[in-house]
Amino acid sequence: MAQLFPKWANKVPKKLLLSVNLLLLAVIFGFWYWGSPKYTQVGYAPSQPIDYSHRLHAGELGIDCQYCHGSVMESANAGIPSTETCMTCHSQIATDSPMLEPLYEAWETGNPVEWVHIHKLPGFAYFNHSAHVNVGVGCATCHGRVDRMEVVMQSEPLSMGWCLDCHNNPEPYLRPVEEVTNMAWEPEEDHFEFARMVISKKNINPPIYCNACHR
Amino acid sequence: MSSNSGYVKEAPLVKGNHTFSSITALVADIVEKPTPFWWYIAFGISNLLMGLLFLMLGYLIWEGTGVWGLNNTVAWGWAIINFVWWVGIGHAGTLISAVLFLFRQGWRTAINRFAEAMTIFAVMCAGIFPAVHVGRIWVIYWVFPLPNQMQMWPNFQSPLLWDVFAVSTYFTVSLLFWYVGLIPDLATLRDRVKSKLAAKLYGAFALGWTGGNRQWQNYEKAYMLLAGLATPLVLSVHTIVSFDFAVSIIPGWHTTIFPPYFVAGAIFSGFAMVMTLMIIARKIYGLQDIMTIDHIEKMNIIILVTGWMVGFAYIMEFFIAWYSGVEYEKFAFVNRATGPYAWAYWIMMSCNVIAPNFFWFRKMRRSITVSFILSIVVNIGMWFERFVITVTSLAQDFLPGSWAYYSPTWVDVLTYVGTFGLFFTNFLLFLRFLPMIAIAEVKMVMPQADPHYYDEDGNEPVKETEELNEPNTNS
């Protein structure tokens, strides 16, 4: 009887087994790497209706974060500055700049400037700014060195795992509350002693149960 | 008779004085001959029901689990009942193929292939329910411990997660066991079929089997190892399924008797299902010489024994409810027998505890009609057992204010009906394209396989045991 299969068929089962397993591993790795917020979210820097430079305002001019994001210490939302906030200076400064036309238009019509939302959390995740800054989590810890950004860019993944990294181990991310808006703050040498002191003094116990954020 | 007079000779496992080649022909011809007309009709109906299943699942996923009859207290309804019922049915296949193999029960060879196929298809039907009941089927991969950016990990303290591993391991081992057993028979078919394409297909799955001495040695060792692997699964899978209930603190669920009680019930219902399918198949395909009335009798004895194990558990649950002095436990059980679901409880009791007692009588054990009817009765009873356990404990829990009566919706009912479509679609394909009896294994238990069967000159022995070897005319 003639052979049903050619000789190379002998090796097919082994090759099949190997390639199926490799494929499976590759799929898992692929989703883990390219599907993660670290890959898909970090670096998101959309262009805004006004080419507002945080580098200029927060960096060179040294305006405090809270001048514009005024509700950060009291409220869940840090707040987007109103047209009036911009106009406190820009009613006097650079009034003839073509870059500021959308601002003056907003001022005249009463329709706010439509800034593009960058640091987005999903609707099912609850986040409160005041709860974090009031125990000493600095702005720069989550938003990066905004004072060096010409265009604001998302610098952290904002994934659940990223949140949990700090909630499980908050020590490295705490600073004195009066330093939270200081972009250039560096931890001192005795930082961990300080952090442990703050944790026990303020009774900081970051929740890691589901209901803390998924309410 | 002189040499054998010291003991009662066992009835031969294969009747009708077959030769090796006639056994091969008997089984392989089913696959090789043209498809019978009834098969198309049965397959068509099964396909329609399977379509119904997919329609119902699609509707469920689209709309959410609200389309099921679940209400405030009864958070587990038909989905888990059907899951436990189908998984339980699967157990007979593993018991027959693994446990009876290790105990050297030669009669298993007539039904093991058949029962293993049933196991695989039953577990497929069972697996659907826990998968779709999660509501968000698109994140079902969360049950697996995969690395992810949420740092989310399955809850290893939950019996529901143990279930995922128990059932998927069970399915994998059953499939492997079934496939390894099929290899020599696939090679038989490869060498017999006329069509070139069929030969290639069977050949590809036969993995180059030639029937050489070394291959048989490896094969038997692999088969033995898989039987050893599958044996603990017979006990572990339904034990873990019972943990879904027993690990919680609901009265009527939180009992230590659950694991053995569930395993006995699973084997009970599984054997009944094998019986139902086998009685039909042996008649249609004329396999009465292999699946003999003696096989049916042996299975009926197992049904009787496991039926009484289950009955013992029912009674013991009541005893412990009283003996423990826990009033919630007492209420749960009295409520089962007399409460709003008493009708289901008494269906369960009469089907599972009373009905199998017919099998105390030899005449009943050897009656095809009685066996067939009781096998169906037992499976109805076992479905109601799961219904009683799941629903009665939840519908009347600790808080009387939230008591409610649970009824399924049409989606529940049609989904369950649809799983029969999936089951029979697979089963009919199996009957049509694969040898439904383990040809090679049956040959091993034939009288001709005994090295001393032929005399020194290679002649057939004088038929002194003619009366035992007579063709089976019992059905």
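Okay, let's start inside chain B: 17 of the 21 residues of α4(B) are buried, so this helix is largely enclosed by the rest of the structure. Buried here means under 20% relative accessible area, with exposed being over 50% and partly exposed in between (1.4 Å probe, protein chains only). Helices are DSSP runs of H or I, at least four residues, and strands are runs of E, at least two, both numbered from the N terminus.

Before I go on, the ground rules. This is a predicted model, where local features need pLDDT of at least 70 and side-chain atom pairs count only at pLDDT 80 or more, while totals for chains, interfaces and linings use all residues. Residues are numbered from 1 along each chain as its sequence is written, chains are lettered from A and ligands numbered from 1 in the order in which they are written, and side-chain values use heavy atoms, leaving out hydrogens and water.

Back to α4(B), residues 112-132. Its end C-alpha atoms are 31 Å apart, which agrees with the 30 Å that 21 residues should span at 1.5 Å a residue (that's 1.5 Å times one less than the number of residues).

Now zoom out. How many helices does chain B have? There are 16, and zero strands. Its radius of gyration is 24 Å, close to the 23 Å from the globule rule for 475 residues, so chain B is as compact as a globular protein of that length. That radius is taken over C-alpha atoms, and the rule is 2.2 Å times the number of residues to the power 0.38. Along its principal axes, the C-alpha trace of chain B spans about 85 × 55 × 40 Å. And 53% of its 475 residues count as buried.

Over to chain A. You'll find 11 helices and zero strands there. The radius of gyration of chain A is 25 Å, well over the 17 Å that the globule rule gives for 215 residues, so chain A is more spread out than a compact globule. Its C-alpha atoms fill a box of roughly 100 × 50 × 35 Å along the principal axes. Buried residues make up 29% of the 215 in chain A.

Last topic, charges. Lys and Arg count as positive, Asp and Glu as negative, and His and the chain ends are left out; each charge is placed at NZ of Lys, CZ of Arg, CG of Asp or CD of Glu. In chain A, the centres of the 14 positive and 22 negative side chains lie 23 Å apart. In chain B, the mean positions of 27 positive and 29 negative charges are 5 Å apart.
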